[in-house]
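Please look over the sequence and the model before reading on. A short report on the fold and the ligand site comes after them.

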Amino acid sequence: MTDAFIATLPKAELHVHLEGTLEPEMLFALAGRNRVELPWPDIGQARAAYTFTGLEHFLPLLFQAASVLRGGQDFYDLAHAYLTRAAADGVRRTEMFLGVQTFLDAGVPIAEQIDTVLAAISDARTDLGIDGALIITCQRHRSQTAALEVLDLIEPWRDRILGIGLGAAERGNPPAKFADYYTAARARGYRTTIHAGEDGPADYVREALDVCRPDRIDHGVAAVTDPALLGRLRDEAIPLTVCPLSNVALRVVPSMAAHPLRAMVAAGLLVTVNSDDPPYFGGYVNDNYEAVRTHLGLDRATLATLARNSFRASFDDQHRIATHI
Ligand code: ADE
Ligand code: ZN
């Protein structure tokens with residue numbers, strides 16, 4: 001049960017992968033709609049497969065499940081379901097990732113992906129009062145050339161896309177591999193985020209700051225091993241979008257009780273709490289707040305600080321300035 005204070009706390013969610021919000025029920029519904037074979041006989045066994053040894057174990061399963069998304073209606077339904085769930089968690093603003101390369105490979109045209117998600121965002125603003133925005137992510141196990149091609153592909157939507165990011169397999173794919181992608185994205189006016197210091201080392205966070213100069217770091221938990229880096233993140237007020245349940249599920253940390261979130265808050269970092277890929281890791285944003293409240297003993301003032309941080313770290317000026325709490 002979610003604590004009443006958390007349930008009603010207005011919050012922004014800044015780190016959630018739309019393709020990672022696919023609940024097993026919708027997975028099977030879309031597999032039926034699109035006649036896609038799944039390796040699991042039923043919903044229960046699919047859910048049972050959501051136990052991971054790490055990021056590299058999780059990613060192929062994520063991509064396989066995402067293969068059921070084939071047409072525009074699928075993307076609309078996915079985004080609508082997440083936005084409905086997020087609004088129920090008190091999320092007022094959400095900046096959602098979509099990893100378009102997975103779907104381009106499967107033959108889904110870019111317009112079918114983006115137009116439908118933007119339509120769901122628009123409808124949710126009217127119907128649910130939640131303010132959504134789209135961040136296009138590329139995958140770091142692919143080439144920088146492929147990422148630069150994505151920037152060209154999304155150009156017709158430039159004014160309606162908030163930013164770009166980078167996810168997928170971190171180790172062995174350091175930030176510097178994508179230096180030109182970040183320079184090009186910034187030149188086109190996009191806000192920028194980068195997954196760094198999830199299962200990669202603190203040095204990747206430093207390299208990301210030096211070479212990619214992102215507006216936010218996604219995860220960044222590895223920075224706790226490096227006091228000088230912590231000082232820099234604090235002094236430069238770089239937001240970190242931390243995903244506690246994800247970090248436990250992917251064994252980035254040994255347990256929730258051992259999660260460094262409390263230390264990151266104590267170090268004065270602009271830390272936020274987010275869900276990453278909720279059905280895969282055991283919960284939506286409020287479940288993540290609840291987990292850190294329970295296992296790290298965070299009091300209401302700290303929980304409110306985390307929620308306030310989420311608006312401060314938003315890419316939308318109105319939310320940054322507004323005093324939601
Ligand atoms: N894509 C979806 N979830 C991810 C994660 N936790 N790390 C990197 N890429 C991702
Ligand atoms: Zn992520």
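The report starts with the whole chain, moves to the ligand and the annotated residues, and ends with some local details.

This is a predicted model: local features need pLDDT of at least 70, side-chain atom pairs count only at pLDDT 80 or more, and totals for chains, interfaces and linings use all residues. Residues are numbered from 1 along each chain as its sequence is written, while chains are lettered from A and ligands numbered from 1 in the order in which they are written.

## Whole chain

The chain has 17 helices and 8 strands. These are DSSP runs, numbered from the N terminus: helices are H or I with at least four residues, strands are E with at least two. The C-alpha atoms fill a box of roughly 50 × 45 × 40 Å along the principal axes.

Buried residues make up 48% of the 325. A residue is buried if 20 or more other C-beta atoms lie within 10 Å of its own, exposed if 12 or fewer, and partly exposed in between, with C-beta atoms placed from the backbone. Contacts require C-beta atoms, placed from the backbone, within 7 Å. Among contacts between residues at least 6 apart in sequence, 75% join residues at least 24 apart.

## Ligand and annotated residues

The residues around ligand 1 are H17, G20, L55, L62, G167, A168, H195, E198, S246, D276 and D277. Each has its C-beta atom, placed from the backbone, within 6 Å of the ligand. The shell divides into 3 nonpolar, 5 polar and 3 charged residues. Here Ala, Val, Leu, Ile, Met, Phe, Trp, Tyr, Cys and Pro count as nonpolar, Asp, Glu, Lys and Arg as charged, and the others, Gly among them, as polar.

An unreviewed UniProt entry places "binding site" at H15, H17, H195 and D276. They span 262 residues in sequence, yet no two of their C-alpha atoms are more than 11.8 Å apart, so they gather at one spot. UniProt also lists E198 as "active site", again in an unreviewed entry. These annotations use the numbering given here, have shortened feature names, and may be inferred rather than shown by experiment.

H15 and H17 both lie in the loop between β1 and α2. E198 sits in the loop between β5 (191-196) and α10 (202-212).

| Residue | C-beta atoms within 10 Å | Contacts |
|---|---|---|
| H15 | 32 | D218, T241, C243, N274, D276 |
| H17 | 25 | F97, G99, G167, D276, D277 |
| E198 | 24 | L55, E170, H219, V221, V252 |

## Local details

Which phi values stand out? Most residues other than glycine have a negative phi. H219 has a positive phi, near 80°. H219 is in strand β6 (residues 216-219) and is buried, with 28 other C-beta atoms within 10 Å. R35 has a positive phi near 55°. R35 lies in the loop between α2 (24-34) and α3 (43-48) and is exposed, with 8 other C-beta atoms within 10 Å.

Helix α15 (residues 285-296) reaches 16 Å from its first C-alpha to its last. Its buried residues include V285, Y289 and V292. G297 follows α15, with a positive phi near 65°.

Note on methods
Contact = placed C-beta atoms within 7 Å. Expected span 1.5 Å × (residues − 1).
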